[in-house]
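Please look at the sequence and the model first.

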Amino acid sequence: MANLSMTVNGKAVTANVDPRTLLVQFLRENLRLTGTHVGCDTSQCGACVVHLDGKAVKSCTTLALSCEGASVTTIEGLANGGALHPMQEAFREHHGLQCGFCTPGMIMAAVDIVNRRGNSLDEKTIREDLEGNICRCTGYHNIVKAIASGAEAMGKGAAPARQAAE
Amino acid sequence: MYAFTYHRPATARQAASLLAKKEDAKLLAGGHTLLPTMKQRLASPGALVDLSSCADLKGIARKGRNLVIGAMTTHAEVAASPEVQEAIPALAYLASHIGDPHVRHRGTIGGSVANNDPAADYPAALLALGATVVTNKRKLPAEEFFSGLYETALDEGEIIVKVSFPVASKAGYAKFRNPASRYALVGVFVAKRGSEIAVAVTGAGEGGVFRWPEAEAVLKARFAPKSLDGLKHTAKGINGDIHADAEYRAHLIGVMAKQAVAQATGKAG
């Protein structure tokens, strides 16, 4: 067992963990933050994407101990109290989810795309940068629309305008 | 995963000493090959020495005619680096096409090179550009470094510190990706340094990355995609699997080589 301390969604956390503990296990099992999902568990599907020191990573392929001293943001850390994050709101508005299993990873990846590429994203860029996230409902069309809209809304610092989902 | 002890040294020197002291220790770089392998119980090191806090293994610098990249520099950092984009744009392009964005935030050049996966991208760049792998013990030219499937010239306890790339006058990389894994089904890196031409092929060879002398000869006469017209690589010694048979991969070598030259000469469409 080894001591571990990091910041998760702005709060300092400490624990004593088996070195084998993956970041995703630590988040789900120790902290009970079950919004981060385990899909393929082989670093393909992206359901487990969280931000580690501001960068999207696959938490199923990262040891918790490697995150000692780091700052981690999960899907639970995006919303501001009762108000959804603009990217979450955009997924809701554009029906960017079907079963919802991939959604936390999609949204964390989407915010990472905005962080890297700014608020004006074309479809090609979004589709290319979603390479590491798989939706087995194959609902990519609305996911891509949601990300473009959410990216814009993040730039305005407001929720996206209400639009009917197609 | 089987149990292991975990260590996170702050310098390459400390890492080397841990590697020597701990029984059955392995180095952890970005972990995107080692951790999945351990999860499948195909590897079971007794100790992991995590290099992620070794600041002396990170960074990108232009040193005279060389571009020097620290072993723990991530693919995302190489792809986004203005130094790399200016000195060897093909290398930034290569790094930007490894895996996916999340993988590129973790995966490192040192990890990729040390693992020498026969379908990895970096080995082709190192071989074609005539790079030097600098370890904590010595300097190894790329052609001596890569010795076979997942095999390198690294000794027990040896740690890659950095990779030094001579800046080429022209370079290009093209790969045909496995759509699921994004590994190279076939990847070809071409480089022109003075009158020297190098063509290195990854993803295709039974023994890992290799050079294609016939293509180098015709490109030496004229460095243009057209020079490769009609030139075919033999299917002998080429990998075949469920994704592509040897004939198909051999054909792709020619196609990717042409695209790489087109990129290097600014004629990519």
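## Domains of chain B

The C-alpha centres of domain 1 and domain 3 of chain B are 34 Å apart. Chain B has domain 1 (5-51), domain 2 (58-166) and domain 3 (170-264), with bounds that come from an automatic or database domain assignment.

## Basis of the model

The model is predicted: local features need pLDDT of at least 70, side-chain atom pairs count only at pLDDT 80 or more, and totals for chains, interfaces and linings use all residues. Residues are numbered from 1 along each chain as its sequence is written, while chains are lettered from A and ligands numbered from 1 in the order in which they are written.

## A sheet in chain B

Three strands of chain B form an open sheet in the order E1-E3-E2, with parallel pairing. Strands here are DSSP runs of E with at least two residues, helices are runs of H or I with at least four, and both are numbered from the N terminus. Two strands pair if DSSP finds at least two bridges between them.

E1 and strand E2 (25-28) of chain B are the edge strands, each pairing on one side only. E1(B) pairs with strand E3 (residues 47-50) of chain B in the parallel sense over three bridges. In this region, B:Thr5 stands opposite B:Ala47 in E3(B).

## Contact between the chains

The contact takes 21 residues from chain A and 18 residues from chain B; two residues are in contact if their C-beta atoms, placed from the backbone, lie within 7 Å. Strand E1 (5-7), helix H2 (34-39) and helix H6 (101-104) of chain B each supply at least two residues of the side of chain B that touches chain A. H6(B) gives the most to that side, with three residues.
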